[in-house]
Amino acid sequence: MVRTRVWLASAMWVPVLAANVIAVALGIGLPLLDKAIGDRPSLPIPLSVVEQIMGALAAGMITFTGIVFSAVFVAAQIQTSSYSPRLAARLRRDRVIIAGLALPTATATYSLFALAAIGRQADRLGEDVAPALTVGVALLLALITIGTFVALVQRAFDSTQIGGILRGLMRRAHHVIEDVHPAGERARARDRQTGEPVVEVHYDGPPAVLASVDRAALLRLARQTGAFVEVVPPIGQYLAPGAATLRLFGVERESQRRDQRRVLVLARQRTMDQDPAFAMRMFVDIAIRGLSPAVNDPTTAVQSIDRIETLLVDLHGRLPSGGLVLDADGTPRGSFPVPTWHEYFDLALVEIRHYGAGSAQVARRLRALHAHLLDVVDESERGRVELEQRLLDEQLAARFPDPEEREILSRPDRLGLGGA
């Protein structure tokens, strides 16, 4: 299921093709159903008018598809150029965008096939009536397509606004965090005995990115071999041929190469399916893009820091059990590497501090973030937060020699400026 979801996320053509196949089946089948009904209801309009309507609908929907594609392309271009190139991949998963591309083509396909079927039956039977069911479905598809287009325009507009982008990223990030770091799960470790046999599996396929781990396949491999299966590369890592992918501890039985491969779900690029660090990476990308001299938009960086702070607090309360994969009875049967809270913290703040210490808004917002984290983190994490606070002070001292100005920039402010 995981493998199918990752594959479908990178194949927008699949739902579009499926919609058109269904449209072909309806375009051929509904006229036959109208005929089979017998004394079927018919529309009080000549068949020639129906043919004109269906032809115009097919031609119009083909043109409509070009308009939809243009709207999606513009939204993707704005996202990638203004915020982060990694955001474009989100558009391929958006259900409204997929529906906006699938429905116009499916409506055009249905109209063409239905028009051909109606004309063939009319020539054969010498009838001049318009089958109500066939025409009604065509008009219904047209109305649904128009409604989807309105929703698509709204979605395209939202996807070019920073608020809509951040809201969508946060929704996806919380879902992924809940999957990888379940709430309330406590750290557990597996007792390994020294000298147990270890089998290391190396990657032998074409270069790819590890998108996620198929936990069901990992459990099957563990049961098949009687081993504890450890995934070596972290989620999101680029895999070159020869890279170590699995370590099997305590192997009792041989395994098939095919079963070993199925543990890893590979993709052409990094995805968020099982990778909370990639979600954090995109928030950081948006922030540092806003801080670049070419853009100079620290307010966007502050908005990203708001979400980063929320994720750091959430992740702190979900310290994981090392990515353990448990059997039905709760026995650890495998694991995959997951970042620690310190690694999430470094990913979230090091680059923003480096690029944003010269911005009044960002410096004050980071101060407020540090103060909040010091209130909520455990004693083991306080040292890292205090170090980040000291490094920020040092960068401020280097960039702003005037002590009074530096005092102003050192005040915690959750709005950046205007909320201290």
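Among contacts in this protein, meaning heavy atoms within 4.5 Å, that join residues at least 6 apart in sequence, 80% link residues at least 24 apart. This is a predicted model: local features need pLDDT of at least 70, side-chain atom pairs count only at pLDDT 80 or more, and totals for chains, interfaces and linings use all residues. Residues are numbered from 1 along each chain as its sequence is written, and side-chain values use heavy atoms, with hydrogens and water left out.

Some totals. The protein has 15 helices and ten strands. Those are DSSP runs numbered from the N terminus, H or I with at least four residues for helices, E with at least two for strands. Of the 420 residues, 47% are buried. Buried means under 20% relative accessible area, exposed over 50%, and partly exposed in between, with a 1.4 Å probe and protein chains only.

Next, the sheets. Strands count as paired if DSSP finds at least two bridges between them. Strand 5, residues 228-231, is joined by four bridges to strand 7, residues 244-249, and the two run antiparallel. Phe228 stands opposite Phe249 of strand 7, while Val229 has Leu248 as its bridge partner there. Strand 7 is also joined to strand 3, residues 198-202, by five bridges, again antiparallel. Here Val199 is the residue opposite Leu248. With strand 10, residues 332-335, strand 5 runs parallel over two bridges. Glu230 is partnered with Ser335 in strand 10.

Which way do the side chains of strand 5 point? Phe228 and Glu230 point one way, Val229 and Val231 the other, and all are buried. In a regular strand the side chains alternate between the two faces of the sheet.

There is also an open sheet of three strands, in the order 6-4-8, with antiparallel pairing. Strand 6 (238-239) and strand 8 (264-267) are at the edges, each with a single partner strand, so one side of each has no neighbour in the sheet. Strand 4, residues 208-213, pairs with strand 6 over two bridges. Ala208 has Leu239 of strand 6 as its bridge partner.

On to the nonpolar cores. A core here is a set of buried Ala, Val, Leu, Ile, Met, Phe, Trp, Tyr and Cys residues joined through side-chain atoms within 4.5 Å. The largest has 71 residues, and those touching the most other members are Val231, Leu246, Val263, Ile308, Leu312 and Ile352. Helix 10, residues 276-290, gives this core its largest share, ten residues. A second, separate core has 31 residues, including Ala19, Leu91, Val96 and Val137.

What does Leu246 contact, leaving aside neighbours within four places in sequence? Its partners include Val199, Val201, Leu221, Val229, Val231, Val263 and Leu264. Glu200, Glu230 and Gln260 are also among them.

Two helices deserve a check on length. The expected span is 1.5 Å times one less than the number of residues. Helix 2, residues 13-37, has 25 residues and should span 36 Å; the end C-alpha atoms are 35 Å apart, which agrees. A kink of about 25 degrees lies at Gly29 in helix 2, shortly before Pro31. That bend is the angle between axes fitted to the seven residues ending at a position and the seven starting there. Among the buried residues of helix 2 are Ala19, Ala23, Gly27, Leu30, Pro31 and Asp34.

Helix 7, residues 162-180, has 19 residues and should span 27 Å; its end C-alpha atoms are 26 Å apart, which agrees. Its buried residues include Ile162, Ile165, Leu169, Ala173, Val176 and Val180. The cover over the buried residues of helix 7 includes helix 3 (47-82), helix 6 (132-158), helix 8 (215-225) and helix 10.

Last, two single residues. Asn296 is in the loop between helix 10 and helix 11 (298-316). Although not a glycine, Asn296 has a positive phi of about 55 degrees. Most residues other than glycine have a negative phi. Is Asn296 buried or exposed? Asn296 is exposed, at a relative accessible area of 59%.

Gly419 lies in the segment after helix 15 (403-409). Gly419 is partly exposed, at 42% relative accessibility. Its C-alpha atom is 9.7 Å from that of Arg364, which is 55 residues away along the chain.
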